[in-house]
Amino acid sequence: MQDTGDIEQVAAGFFQVGLYLRSKQWRSAEKSGLTSTQVSILGFLKRRGPNRVMALARLVGITEATASRAISTLQRKGLVEKSADPDDGRATRISLRTAGVRAMSRQSEFPQTLLAALAGLDPAESTVLHRVLSKVILHLQETGAIEPQRMCCTCRFFQPYVHTDAFRPHHCEFVDAPFGTVSLRLDCGDHIQADEAVRTQRWRRFLAVKPLEQGNS
Ligand code: SF4
């Protein structure tokens, strides 16, 4: 059992990184005449394609009313458009317009300084970080704190530890190729949610192997 103070120090670390990301996003959004909420909505539309207001609100972690106001502003600026949802004619979905795609291409999604710090990790550190982030994000998801994420560990194509190659022990059935823990996806466009029983069984298999037992896997 870890000491509460130690756990809080790790939480403080996450908090610091979160603060840094938010302040970078605020500054970058400001330069484009947008708010960070508007940039977050544009970012999700870019990564996930057209979506309903309620889904966007959940992804960004804001109320539906706040999302509606931000989307109306983005619509007035000509960055997004509303259209009938092909899955439900009574519902509306939001999509990026060409100007919205251009606006997002000017926004750096992840600060170079953070990317440089992560690039400086050695493979063993990176492996542990991927496992840690997968476990923490999955816990947040399963307790309802955040929306379901498109991660390997919940994907129907994920087969953990099925290869003997210590560096690439997992298999992605979507691309039919082995891969290592450092390549675990936390937001994958090809993700399809696995059935709960399958997910639980594969996740247990993943957790049963410690990365240090498998070299830098
Ligand atoms: S499709 Fe994407 S999320 Fe699914 S196992 Fe392959 S890489 Fe992971």
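In this tour, Ala, Val, Leu, Ile, Met, Phe, Trp, Tyr, Cys and Pro count as nonpolar, Asp, Glu, Lys and Arg as charged, and the others, Gly among them, as polar. Keep that in mind as you click along; the model on your screen is a predicted one.

**Stop 1: the whole chain.** Start with a cartoon view of the protein chain, which has 8 helices and 5 strands. Along the principal axes, the C-alpha atoms fill a box of roughly 55 × 40 × 30 Å.

**Stop 2: two helices.** Now select residues 4-31, which form helix α1, and residues 36-48, which form helix α2. Their axes are 8 Å apart and the helices pack at an angle of about 95 degrees, which means that α1 is roughly perpendicular to α2. To see where they touch, show the side chains of Q25, W26 and A29 in α1, which meet S36, V39 and S40 in α2. This contact between α1 and α2 is made up of 3 nonpolar, 3 polar and no charged residues.

**Stop 3: the ligand.** Next, select the ligand and look at what surrounds it. Which residues surround the ligand? They are C152, C155, F157, F158, C172, F174, R185, C188 and D190. Colour this shell by residue type and you will find 7 nonpolar residues, no polar ones and 2 charged ones.

Stop 4: The space that the ligand takes up is the second largest pocket.

Methods:
Residues numbered from 1 in each chain as written. Predicted model: local features only at pLDDT ≥ 70, side-chain atom pairs only at ≥ 80, totals over all residues. Heavy atoms only, no water. Near = heavy atom within 4 Å. 1 Å grid on protein atoms, 1.4 Å probe; cavity = no way out; pocket = protein on both sides within 12 Å on 5 of 7 lines; lining within 4 Å. Sits in = over half its atoms within 2 Å of the grid points. Axes fitted to C-alpha atoms, helices over the stretch in contact; angles between N-to-C directions. Helix = DSSP H or I, 4+ residues; strand = E, 2+ residues; numbered from the N terminus. Parallel < 35°, antiparallel > 145°, perpendicular 65-115°, else oblique. Contact = heavy atoms within 4.5 Å.
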